[in-house]
Amino acid sequence: PRDKRQSYRLENLVNVTYCMELVREWFVLRREFEEALEVASEGKTKPASRTGGYEDGYFLGYCHREGGYVAMEPPPDGFDVKRIYGM
């Protein structure tokens, strides 16, 4: 925020609790996707290590510190993601 008025407006527009619930839901979906990808790729793609400890209740081990995001391993070349969902 550039000034106190902008900061005040942002605080009144954003529901931080709800935002963090959505962040957690994203990481739950990511974990499920990575696990399914490992199975569908026959072990060629491994889930990222979830050793981060930053706000673990929300980021589920995928962040080491603020800005320390643990990236997802990409699927192997030529892998059709539809295989995960049986399409």
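**Notebook: contacts, rings and core**

I started with contacts, taken as heavy atoms within 4.5 Å. In the protein chain, 56% of the contacts between residues at least 6 apart in sequence join residues at least 24 apart.

Ground rules next. I am working on a predicted model, where local features need pLDDT of at least 70, side-chain atom pairs count only at pLDDT 80 or more, and totals for chains, interfaces and linings use all residues. Residues are numbered from 1 along each chain as its sequence is written, and side-chain values use heavy atoms, with hydrogens and water left out.

**Elements.** I looked up the secondary structure as DSSP runs numbered from the N terminus (helices: H or I, at least four residues; strands: E, at least two). The protein chain has three helices and zero strands. From the N terminus the order reads α-α-α.

**Surface.** I used Shrake-Rupley areas with a 1.4 Å probe; for residues, only the protein chains shown count as cover. The protein chain exposes about 6700 Å², and carbon and sulfur atoms supply 54% of that. I call a residue buried under 20% relative accessible area, exposed over 50%, and partly exposed in between (1.4 Å probe, protein chains only). Of the 87 residues in the protein chain, 24% are buried.

**Rings.** I paired rings of Phe, Tyr and Trp (its six-membered ring) with centres within 6.5 Å; planes under 30 degrees apart are stacked, over 60 edge-to-face, the rest tilted. The whole structure holds five aromatic pairs. One of them, Phe27 with Tyr62, is stacked, at 5.5 Å centre to centre and 20° between the planes. This pair links distant parts of the chain: Phe27 sits in helix H2 (residues 16-40), Tyr62 in the segment after helix H3 (56-59), 35 residues apart. Both Phe27 and Tyr62 are buried. I also found one aromatic cluster formed by Trp26, Phe27, Tyr54, Phe59, Tyr62 and Tyr69.

**Core.** I defined a nonpolar core as buried Ala, Val, Leu, Ile, Met, Phe, Trp, Tyr and Cys residues joined through side-chain atoms within 4.5 Å. The largest has nine residues: Met20, Phe27, Val28, Ala48, Phe59, Leu60, Tyr62, Cys63 and Val70. H2 gives the most to this core, three residues. Cys63 is buried at 7% relative accessible area.

**His64.** Which residues touch His64, leaving aside neighbours within four places in sequence? I list Thr51, Gly52, Gly53, Tyr54 and Val70. His64 lies in the segment after H3. At 42% relative accessible area, His64 is partly exposed. Arg50 is 14 residues from His64 in sequence and 9.1 Å away in space, C-alpha to C-alpha.
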